[in-house]
Amino acid sequence: MESGGVSLEDLEEYYMVVNQTFRSEEEGYKYYNSYALLKGFGVRKEDLECKPDTKIAFRRLFSCSKEGYRAVKHFNATNRKRQPRALSRCGCKARLEIELHMECGEWFAKIFVDEHNHPLVKPDHTAFIRSHRGLSDAQKADVIEYGIGGLRTHQIMEKQHGGYYKVGDGEFFYKYKTEEEGHLQNLFWTDAQSRIDYDAFGGVVVFDSTYRVNKYNLPFVPFIGVNHHHSTTVFGCGIVSDETVASYVWLLKAFLEATQQNPPRSVMTDGDRAMAKAISMVFPGTDHRLCSWHIEQNMIRHLCNPKLGDFRKFVYHAMKVDDFERRWVEFKDKYEITEKDEWINRMYELRKKWSKAYTKGRYFLGMQSNQRSESLNSRLHKNLDRRMSLVDLLEHYDLCLSRIRRNESQLDAEASQTVPFTDLHAEPLERSAARTYTPEMFKRVKVEIIRLVEWEIAEVLM
């Protein structure tokens, strides 16, 4: 341990470790691993040394899990069948070496290096480090006890820690409306983490009012977005008594109040007319797109081939606006579309909300459908039925939300402690992007970088 710039607290911690003694090599490992858990790094067991010509162990080295480097042969491999794992090692020298004192039979700290060459893991990410994934004896006992009641291991761990995400609810927001007799009409709620997530990722919001997952048959409306891992994040949730403009206006205003009057840049919905009207009233400056999945279902309901195939081209094929308008006229002439074809005529009026010719270049983060809302609702449906009360719904929603956040936290941990694999001959821009973006976003950026190489720059003399 170098003395320059070391605090008194660091020195006390250093001497605390080097003065430790252990009754066994395994006890030494548990101690160092517990120390690593508090500091924010993982531990790996290196070779166990034995006395020459005996099986008596006398020395063990425990290193930081980021010790060493990926072998060069893995970079030079050809004909790979799958993408190599992300790089996690960076040559960290932090370690603890313990040795057995043969006379007294105790293990002592021989070498201790506490300096790391990488950022340490945040407290809420340490559970994802390999050496810290085990369960204590007390936790194993809980697994057996709660397991009899039908809970899975990850649900048990969440119960033990009061939910996976350790966010205080001092900023919990809720709003409700009752009718004259005091019966609940509308409800909206969002917690502190959801409000933080909206500040970071609330550029595009997806909501779908087509689900009723309670015995009162009330529409369940989650507010969904996409985060920096391109995975689902939840901004809030609402339950309304009916699908009227007034109910949706109330819900969107409650959402605005929770977000401090900060509307999203774009929204995506299932095409409900009342919701569309409410959006235009409450979010007048927000870009509105219709979900392609719901459009697809309506196409199948209203059209048949070959008309169906030709209409799909308007939805998914890239074309200029002028080409769209010209082809639409041809489409109407070909199939003799008249005023009686109400659905087709209505879709033309809404073309700016669904046609790729009109939505190209607008801010929707690559999303075309509300599959993220579908995903959340499918999780709810796994353990819910229409006979459940609102309390049951809220409790299960909270569990689904906890699982979503656990997934995000795990991805955050992986992104902070690993770097996506790149070939040795990769372009400098690709290697830089690997260290800048999260792994999932890097995959998308890499595609664009590869396309860049195909471009040629030529001087044009004027």
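A residue is called buried under 20% relative accessible area, exposed over 50%, and partly exposed in between (1.4 Å probe, protein chains only). The model is predicted, so local features need pLDDT of at least 70 and side-chain atom pairs count only at pLDDT 80 or more, while totals for chains, interfaces and linings use all residues. Residues are numbered from 1 along each chain as its sequence is written, and side-chain values use heavy atoms, with hydrogens and water left out.

**Exercise 1.** Determine how far apart the closest N and O atoms of Lys 334 and Asp 310 are, and classify both residues by accessibility.

Step 1. A salt bridge requires a side-chain nitrogen of Lys or Arg within 4 Å of a carboxyl oxygen of Asp or Glu. For Lys 334 and Asp 310 the closest N and O atoms are 3.0 Å apart, and the two form a salt bridge.

Step 2. Lys 334 lies in helix H11 (residues 321–335) and Asp 310 in helix H10 (residues 307–316), 24 residues apart, and the pair links distant parts of the chain. Helices (H or I, at least four residues) and strands (E, at least two) are DSSP runs, numbered from the N terminus.

Step 3. Lys 334 has a relative accessible area of 55% and is therefore exposed; Asp 310, at 18%, is buried.

**Exercise 2.** Treat Asp 323 and Arg 326 likewise.

Step 1. Their closest N and O atoms are 3.5 Å apart, in a salt bridge.

Step 2. Both residues lie in helix H11, three residues apart, about one turn of the helix.

Step 3. Asp 323, at 25% relative accessibility, is partly exposed, as is Arg 326 at 42%.
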